[in-house]
Amino acid sequence: MLQPIIDADGAPFWQYAAQGELRVQACADCGEPRFPPRPCCPHCQSFASEWRSMSGQGRVWSYVVPHPPLLPDYAEQAPYNVVVVELAEAPRIRLVGNLVARAGAALNSLPADRIRIGARVHVVFDEESGLPQWVLERS
Amino acid sequence: MAGLKDATAIVGIGQTPFAKRLPEDERTLACRAVLAALDDAGIAPGEVDALASFTMEETDEVELAKAVGFGDLTFFSKVGFGGGGSCATVAHLAAAIASGQASVGVAWRSRKRGSGPRPWTNTAVQLPTPGQWTRPFGLLRPADEIAMLARRHMHEYGTTRDHLFNVALACRNRANQNPAALMYDRPLTREMYMTSRWISEPLCLFDNCLETDGALACVVVSRERARDCRRPPVYVHSAAQGLPAQHHGMVNYWNDDPLTGPAWTAARHLWKHADLTPEDVDVAQIYDAFTPLIPLSLEGYGFCGRGEGGAFTEGGALEIGGRLPINTGGGGLSEAYVHGFNLINEGVKQLRGTSTAQVPGAATCLVTAGEGVPTSALLLRS
């Protein structure tokens, strides 16, 4: 499985995720959250930023179900789902991830026919990979 | 300000055969396409002083120039973002020629995407920054990235698989008229489409472009010079690039409104500098790496309202005789996928009256580049 190829701007996100925290970058001056992380604020041009804790609640904005040809580790699990989740506190912050049956479960652990756009989800963390995952609020 | 309007013209086009595998390498194919385009124009290679291509083009200016015998080059540029750069190559040449930086420009693309590797299988070289936010989760391929937008478009606007089939069918029908098209002798039916294998739900096999070996080129000169060339000039009436504020590339999931992409930005500039409106366009060549790019582009370039791109395809609208015939050589879906360069050359053929699926009396043609990525577009007229 591919691990994130992390750059300086994105590193804090992955460090917090490995600790089981979902945080997004926000401007320390004007307060606007932004994603993906970047060196300065596109609203006020400040270079001061903070990492704001999120509740981990969100809704499915869209999803796909990839089938082969895929990279071998992914082909083994296909068909699986990939979702885009809008965060409850910041609807313009949308995270790509996988909707799974429970924390640490495989990409294909939730049948694709259980997924609906608009479904309420919350974040969990895969302890092995350190990646955030998503589970249905009502399963 | 004089601007670009009709200041330059495409006077030559050239192409190699298209195939899943061609024996020659990309450099040789590039040379063949460029020389064919210059021969079509009636211009000697020694007169060429400007070049434009894609950053993904593997044959660089030095190799091409010394192989085919160009003169001294005074302008050369390369445009990024894969298929989003196709029309911009012509736009850069038009700007260079209109501003006196050069007099004879060649744009080209040579690619062995049919027999060569699929870019997304390369795990060492990633697209800049966005890769870390998407690829670990299995959003691996451009098809997956666009399928995400397609699903949302279906949800918000009622776009259906039948609408996407209309796109695939129009391209295939035109390819069935074009002996140079890879899918010339392969008709498509609704049953074939609806029962084909998934690639990334909601997209199936026929929603994806071909994988092709081939090369194409075109020649751009000033309107004055164009009068002396071998073929009727096809004028660059308007040209635009588009990279919207807060845009994120193909994975444009992180701005206010992901369903309005670069096409909308390019379109505003394109129409602002044109004497034409979308209603005046006789035929369009719309970048079709994936079928959902057509409804998104139809909305972006103003052929219909927001969310109406799916419905626009109904009733044979995209076929010859319909409201807006598209991709009349078969497009990337059914002629060849060479980063959209075949769409430029097909636009020229339509305005010369020499297309294999000629729109009667076509005098204006919109050509677009990849939507989703930072893009470009040309409005051509005869």
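**Note on the sheet, helix packing and chain contact**

1. Strand β9(B) and strand β10 (residues 364-368) of chain B run parallel, joined by three bridges. Pairing here needs at least two bridges found by DSSP between the two strands. B:Gln285 stands opposite B:Val367 in β10(B). Strands are DSSP runs of E, at least two residues, and helices are runs of H or I, at least four residues, numbered from the N terminus.

2. A word on the source. This is a predicted model, in which local features need pLDDT of at least 70 and side-chain atom pairs count only at pLDDT 80 or more, while totals for chains, interfaces and linings use all residues. Residues are numbered from 1 along each chain as its sequence is written, and chains are lettered from A and ligands numbered from 1 in the order in which they are written.

3. The sheet of chain B is open and has nine strands, in the order β3-β2-β4-β7-β1-β8-β11-β10-β9, with mixed pairing. β3 (75-79) and β9 (283-285) of chain B stand at the edges; each has a single partner strand, so one side of each lacks a neighbour in the sheet. On average, neighbouring strands are turned by 25 degrees against each other, direction ignored.

4. Helix α9 (residues 262-272) of chain B packs on this sheet. It touches β8 (234-242), β10 and β11 (375-381) of chain B. Its direction makes about 135 degrees with that of β8(B). Angles run from 0 to 180 degrees between N-to-C directions, with axes fitted to C-alpha atoms, for helices over the stretch in contact.

5. Helix α3 (residues 86-98) and helix α13 (residues 341-352) of chain B have axes that come within 7 Å and cross at roughly 60 degrees. They are therefore oblique to each other (under 35 degrees is roughly parallel, over 145 roughly antiparallel, 65 to 115 roughly perpendicular, the rest oblique). B:Ser86, B:Cys87 and B:Val90 of α3(B) meet B:Phe341, B:Leu343 and B:Ile344 of α13(B). Contact means C-beta atoms, placed from the backbone, within 7 Å.

6. Chain B also touches chain A. The contact takes 30 residues from chain B and 32 from chain A. α5(B) gives the most to the chain B side, with six residues. Strand β3 (residues 57-66) of chain A pairs with β5(B) in the antiparallel sense, over two bridges. There, A:Pro66 stands opposite B:Ser200.

Definitions and conventions. Two residues are in contact if their C-beta atoms, placed from the backbone, lie within 7 Å.
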